[in-house]
Amino acid sequence: MSERDPIEHLISLLSRIPGLGRRSARRAALRMLMRPQETMLPLAQALEAAAKAVRPCESCGNLDAQSPCGICRDPRRDRHLVCVVEGVADLWALERAHAHQGLYHVLGGVLSPLGGVGPEDLSIAPLLARIAQEGVEEVILALPATVDGTATAHYVTDRLRPAGVAVTRLAQGVPMGGALDVLDEGTLAAALRSRRPA
């Protein structure tokens, strides 16, 4: 097949989707090509509509067809509580869990000196402005339990200290159904530090 072959081009584009390798992209392309009217054309229309309509929320950074997004516009949300996340995927994961009833703030990454990501590359200044203007009382840092995530959490905590808001972090440790003998030492240590009354 030549490089200009539409099938190969489709497979090449599908293989760029995170989580789809070349083999999975080939299977997906074959399945779609078998029923283009039912799968490909609606997918193409949905992709075009999303590309034109979806944009980052001006307030929190979530992706939505409107700005402010549906979460920021929801009057039932606790406006005194903001959960800070690394990316939109984390926000969506927390929403699927129905665990947070406040607002969010997407940083757009974590500090990474080796990766060349500094404070100016993240949405930290808008977070500080929101805290000052919107009467936020608590900021929950839901950042990854990595070296860069921890460094980011410390940096954001230091920047928020003058605002006088409570800053909390997600508890870390033993997952539901996790056996202690298979967990790494860092996870076990975090679980002990994050213990609470029974």
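This is a predicted model: local features need pLDDT of at least 70, side-chain atom pairs count only at pLDDT 80 or more; totals for chains, interfaces and linings use all residues.
Contact here means heavy atoms within 4.5 Å.

Helix α7 covers residues 147–160. At 1.5 Å a residue, its 14 residues should span 20 Å, and the C-alpha atoms at its ends are 20 Å apart, so expectation and model agree. Six positions of α7 are named as buried, namely G149, T152, A153, V156, T157 and L160. These residues cover an arc of only 135° around the axis, which puts them on the same side of α7. An α-helix has 3.6 residues a turn, so residues three or four places apart point the same way.

The crossing is right-handed. From α6 the residues involved are I124, L127, L128 and I131, which meet Y155, V156, R159 and L160 in α7. By class, this contact of α6 with α7 has 7 nonpolar residues, 1 charged residue and no polar ones. Two of the α7 residues that meet α6, V156 and L160, are also among the buried residues of that helix.

Helix α2 takes in residues 22–34 and helix α3 residues 36–53; their axes come within 6 Å and cross at roughly 115°. On the α2 side the contact is made by R31, M32, L33 and M34, and on the α3 side by P36, T39, M40 and L43. The class count for α2 with α3 is 6 nonpolar, 1 polar and 1 charged.

The loops hold several individual residues to look at. In the loop between α1 (6–14) and α2 sits G19. G19 has a relative accessible area of 81%, and because exposed means over 50%, G19 is exposed. Its C-alpha atom is 23 Å from that of E38, a residue 19 places away in sequence.

By contrast, S112, in the loop between β4 (102–106) and α6, is buried, with a relative accessible area of 14%. The cut-off for buried is under 20%. Leaving aside neighbours within four places in sequence, S112 is in contact with V117 and D148.

The peptide bond from S67 to P68 is cis, with omega near 0°; P68 is in the loop between β2 (63–64) and α4 (70–73). H98 is not a glycine, yet has a positive phi of about 55°. H98 is found in the loop between α5 (88–97) and β4, and at 65% relative accessibility counts as exposed.

Strand β2 itself contains L63. With a relative accessible area of 37%, L63 is partly exposed. Beyond neighbours within four places in sequence, L63 is in contact with V54, R55, P56, V88 and W92. The C-alpha atom of L63 is separated by 25 Å from that of G21, and the two residues are 42 apart along the chain.

Definitions and conventions: Residues are numbered from 1 along each chain as its sequence is written. Side-chain values use heavy atoms; hydrogens and water are left out. Helices (H or I, at least four residues) and strands (E, at least two) are DSSP runs, numbered from the N terminus. The expected span of a helix is 1.5 Å times one less than its number of residues. Buried means under 20% relative accessible area, exposed over 50%, partly exposed in between (1.4 Å probe, protein chains only). The arc is that of the directions from the helix axis to the C-beta atoms. A crossing is left-handed if the near helix is turned anticlockwise from the far one by less than a right angle, and right-handed if clockwise. Ala, Val, Leu, Ile, Met, Phe, Trp, Tyr, Cys and Pro count as nonpolar, Asp, Glu, Lys and Arg as charged, and the others, Gly among them, as polar. Axes are lines fitted to C-alpha atoms, for helices over the stretch in contact, and angles run from 0 to 180 degrees between N-to-C directions.
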